[in-house]
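Open the model in your viewer and keep the selection tool handy. We will go from the whole chain to single residues, one stop at a time.

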Amino acid sequence: MISIDLHSHTAYSHARDSVADMYASAVSKGLSIFGFSEHSPRPEQYNYPTEYRDRLSAHLLDYVQEVTELKNNPGPCRVLFGMEVDWFEADQDFVAGACRQFPFDYLLGSTHFLGTWGYDGGTTPWEAMDEQARFATYEAYFKTWTKMLASGLFNIASHPDLIKIFTRDSFHSWIVRDESQRLVRHALTVLKDQGMAMEVSSAGLRKPCREIYPCPMIMHLAAEVGVQISFASDAHTTDDVAYGFPSLASYARSFGFTHSTYFAGGQAFSVPF
Ligand SMILES: [Zn+2]
Ligand SMILES: [Zn+2]
């Protein structure tokens, strides 16, 4: 049974519910560890359809204080203080600064942007692409993802194949190719060498791709390379907390995984699920 959820958001960004309500939901779902991983504010030029920059920037310290209070006064479920930090290839000093802001237990590294394009923000640009253009975009994504992994700034690589969000079938046609698998296998080797864990996330089940992040082929490659995994819901509401965890557990087990990893104070801990 999975009892650890390491990826969640609150009303301080673009999610719905408060820190206290998310924690109450984690308790009611019987979790033993719940990680808060609010987004980190983005630089000006990186725009997003569900923009929350101003609100989050104004309230970041409130968020940190609320999570820290919960962490220091634990109830039935232990709290970890994390953050989901965007990888901006052209603004790496900004990224490194965001990672040093607070005494985090762990950091999620996320590639939501290719250049300044937030590719998961809407389906329109994807509809305009033919298969060749999509394949080139997947390749660009995994090259950028590898740089994020190699930066050494993060503990967990979140939603590893988020790039498939609107074009799952094209993505599956891409990932079966030898050169795609070489690229992804190299990325996973970097991930492992950095001591990171790969997130296995039920968020994909709630998105247009209707598939767990990452896809079966990447799970297979991850098992071959021997990477650690972490489980997450990427909850944006109290209902999402621990969403689909029985499915995540049987999915991961089918590739031979028996343990998941969490990070506290930057240190990795492996526990059976
Ligand atoms: Zn994300
Ligand atoms: Zn998230």
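## The whole chain

Start zoomed out: for 273 residues a compact globule would have a radius of gyration near 19 Å, and the protein has 17 Å, which agrees (the radius is taken over C-alpha atoms, and the globule rule is 2.2 Å times the number of residues to the power 0.38). The model is predicted: local features need pLDDT of at least 70 and side-chain atom pairs count only at pLDDT 80 or more, while totals for chains, interfaces and linings use all residues. Residues are numbered from 1 along each chain as its sequence is written, and chains are lettered from A and ligands numbered from 1 in the order in which they are written.

In cartoon view, look for 10 helices and 11 strands (DSSP runs numbered from the N terminus, with H or I of at least four residues for helices and E of at least two for strands).

How much of the protein is buried? The share is 44% of the 273 residues. Here a residue is buried if 20 or more other C-beta atoms lie within 10 Å of its own, exposed if 12 or fewer, and partly exposed in between, with C-beta atoms placed from the backbone. Among contacts with a separation of 6 or more, 80% join residues 24 or more positions apart (a contact means C-beta atoms, placed from the backbone, within 7 Å).

## The seven-stranded sheet

Now select the strands of the open sheet, in the order E1-E2-E3-E4-E7-E8-E9, with parallel pairing (two strands pair if DSSP finds at least two bridges between them). Its edge strands are E1 (4-5) and E9, each pairing on one side only.

Next, select residues 197-201, strand E8. Because 5 of its 5 residues are buried, E8 is largely enclosed by the rest of the structure.

What are the neighbors of E8? Strand E7 (residues 156-157) pairs with E8 in the parallel sense over 2 bridges, and Ile 156 has Ala 197 as its partner. Strand E9 (residues 228-232) also pairs with E8 in the parallel sense, over 5 bridges. There, Ala 197 is bridged to Gln 228, and Met 198 to Ile 229.

## Into the core

Stay on Met 198 and show what surrounds this residue. Leaving out residues up to four places away in sequence, Met 198 touches Ala 157, Pro 160, Leu 191, Ala 222, Val 227 and Ile 229. Met 198 is also one of the residues with the most contacts inside the largest nonpolar core, which has 74 residues; the others are Leu 149, Ile 156, Ala 187 and Leu 191. Such a core is a set of buried Ala, Val, Leu, Ile, Met, Phe, Trp, Tyr and Cys residues joined through C-beta atoms within 7 Å.

## A helix with a buried side

Select helix H6 (residues 168-175) and display Phe 171, Trp 174 and Ile 175, which are buried. They cover an arc of only 90° around the axis, so they sit on the same side of H6 (the arc is that of the directions from the helix axis to the C-beta atoms). The buried residues of H6 pack against helices H5 (131-150), H7 (178-193) and H9 (216-225).

Which way does the peptide bond from Tyr 213 to Pro 214 go, cis or trans? This bond is cis, with omega near -5°. Pro 214 lies in the loop between helix H8 (203-206) and H9.

Then center on His 159, in the loop between E7 and H6. Its phi is near 20°, a positive value in a residue other than glycine. His 159 is buried, with 27 other C-beta atoms within 10 Å.

Move on to Asp 234, in the loop between E9 and helix H10 (245-253). Asp 234 has a positive phi of about 55° although it is not a glycine, and is buried, with 27 other C-beta atoms within 10 Å.

## Last stop: the hairpin

Finally, select residues 259-264 and 267-272. Strands E10 and E11 pair in the antiparallel sense over 6 bridges, with Thr 261 opposite Ser 270. They form a hairpin with 2 residues between them, and Gly 265 in the turn has a positive phi of about 60°. E11 is hardly covered: of its 6 residues, the count of buried ones is 0.

Terms used: Contact = placed C-beta atoms within 7 Å.
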